[in-house]
Amino acid sequence: MTTVAPESDMRRHELADFLRSRRERITPEQVGLVRGRRRRTPGLRREEVAQLAAVGVTWYTWLEQAREIRVSPQMLDALARALLLDRSERAHLFALAGGVDPAPLTPCPSVTSALRAMLDQLDPIPAAVQNSRYDILAYNQTYARLLCDLDRVAPEDRNCLWLAFTDPDWRDAVVELPEANRLMAAKFRASMAEHLAEPAWKALLARLEAASPEFREIWARHEVVGQGGKTKYIRNRHVGLLHLEHTNLWLGPAAGPRLVTYVPMDEESRERLDRLRSLSLVPA
């Protein structure tokens with residue numbers, strides 16, 4: 001007599017095999033870790049994945065052992081980021097775990113059709129909707145080319161902090177980069193006080209610390225700064241230097257999503273933004 005395993009058992013074992021295969025394909029160097037001389041494990045160790053995803057080592061080990069444990073969408077999101085999953089792999093992970101993806105790849109309920117229309121109407125003023133974690137939820141044509149070619153950035157990487165500390169084009173565009181990054185990290189720390197236990201926040205923090213020595217050094221200072229607007233200089237690769245006033249328009253509670261705009265401070269910057277929008281309308 002042949003006994004067929006319940007579907008839930010099959011899913012857990014398939015999930016365990018999938019996680020193990022994804023872990024073993026990633027080199028330590030890809031996530032900013034030191035390989036060391038005595039490494040025998042192909043790819044990452046379990047404890048390294050747990051560290052990058054900001055989850056418990058025992059919990060992750062049990063997951064790879066196909067044990068029957070609770071797996072939340074937030075934890076799956078953290079694992080998807082830690083394991084550098086692409087869009088198809090991420091969807092497969094959630095399907096195996098029976099979870100609903102809270103993903104940045106699905107429309108954000110904060111970004112209504114009316115708000116998207118407003119972003120378009122603001123062109124050529126660069127504008128975007130961001131949450132308090134600095135995820136870029138929506139943006140207009142001019143913002144898409146203000147600091148880097150945002151359309152070419154993977155949706156899961158469209159985060160101002162991540163781009164400011166890791167993307168060469170974004171970093172080249174920010175005129176006073178060290179001070180700008182220091183302030184952004186300080187604002188992030190202030191916002192994170194209300195989200196310390198949330199996996200998505202911990203996952204972003206772990207990802208930044210693994211990828212950027214600059215971020216680790218700044219984060220260790222424990223500086224805190226509140227949100228606020230200021231004038232900025234941006235060196236756009238297409239049209240040159242822009243003098244802009246950065247403003248926030250809160251779309252709900254102060255800790256929630258906000259409309260971010262960059263208003264030109266002089267006529268030359270306004271003309272250059274017009275040119276940038278024209279360039280954005282031309283197919284790449």
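This is a predicted model: local features need pLDDT of at least 70, side-chain atom pairs count only at pLDDT 80 or more; totals for chains, interfaces and linings use all residues.
Q: Which residues of α2 meet which residues of α4?
A: Val49, Leu52 and Ala53 of α2 meet Ala78, Leu79 and Ala82 of α4, where contact means heavy atoms within 4.5 Å. Residues are numbered from 1 along each chain as its sequence is written, and side-chain values use heavy atoms, with hydrogens and water left out.

Q: Why are α2 and α4 called roughly perpendicular?
A: The two helices pack at an angle of about 115°, with their axes 8 Å apart; axes are lines fitted to C-alpha atoms, for helices over the stretch in contact, and angles run from 0 to 180 degrees between N-to-C directions. Angles under 35 degrees count as roughly parallel, over 145 as roughly antiparallel, 65 to 115 as roughly perpendicular and the rest as oblique, and α2 and α4 are therefore roughly perpendicular to each other.

Q: What makes aspartate 157 count as buried?
A: Its relative accessibility is 18%, and buried means under 20% relative accessible area, exposed over 50%, and partly exposed in between (1.4 Å probe, protein chains only), so aspartate 157 counts as buried. This aspartate 157 is placed in the loop between α7 (141–144) and α8 (160–166), and, leaving aside residues up to four places away in sequence, aspartate 157 touches Trp162, Leu163 and Arg207.

Q: How do you know that arginine 46 forms a salt bridge with glutamate 64?
A: The closest N and O atoms of arginine 46 and glutamate 64 are 3.0 Å apart, and a salt bridge is a side-chain nitrogen of Lys or Arg within 4 Å of a carboxyl oxygen of Asp or Glu. The pair links distant parts of the chain, with arginine 46 in helix α2 and glutamate 64 in helix α3, 18 residues apart. Arginine 46 is partly exposed because its relative accessible area is 25%, whereas glutamate 64, at 1%, counts as buried.

Q: Which residues are linked with Arg46 and Glu64 in a network of salt bridges?
A: Asp17, Arg20 and Arg23 are linked with Arg46 and Glu64 in the network. Within it, aspartate 17 forms a salt bridge with arginine 20, their closest N and O atoms being 2.9 Å apart, and both lie in helix α1 (residues 7–25), three residues apart, about one turn of the helix.

Q: What makes the phi of alanine 54 worth a remark?
A: Most residues other than glycine have a negative phi, and most peptide bonds are trans. Alanine 54, although not a glycine, has a positive phi of about 60°, and its place is in the loop between α2 (46–53) and α3 (57–64). Tyrosine 134 is likewise not a glycine and has a positive phi of about 75°, while the peptide bond from aspartate 123 to proline 124 is cis, with omega near 10°.

Note on methods:
Helices (H or I, at least four residues) and strands (E, at least two) are DSSP runs, numbered from the N terminus.
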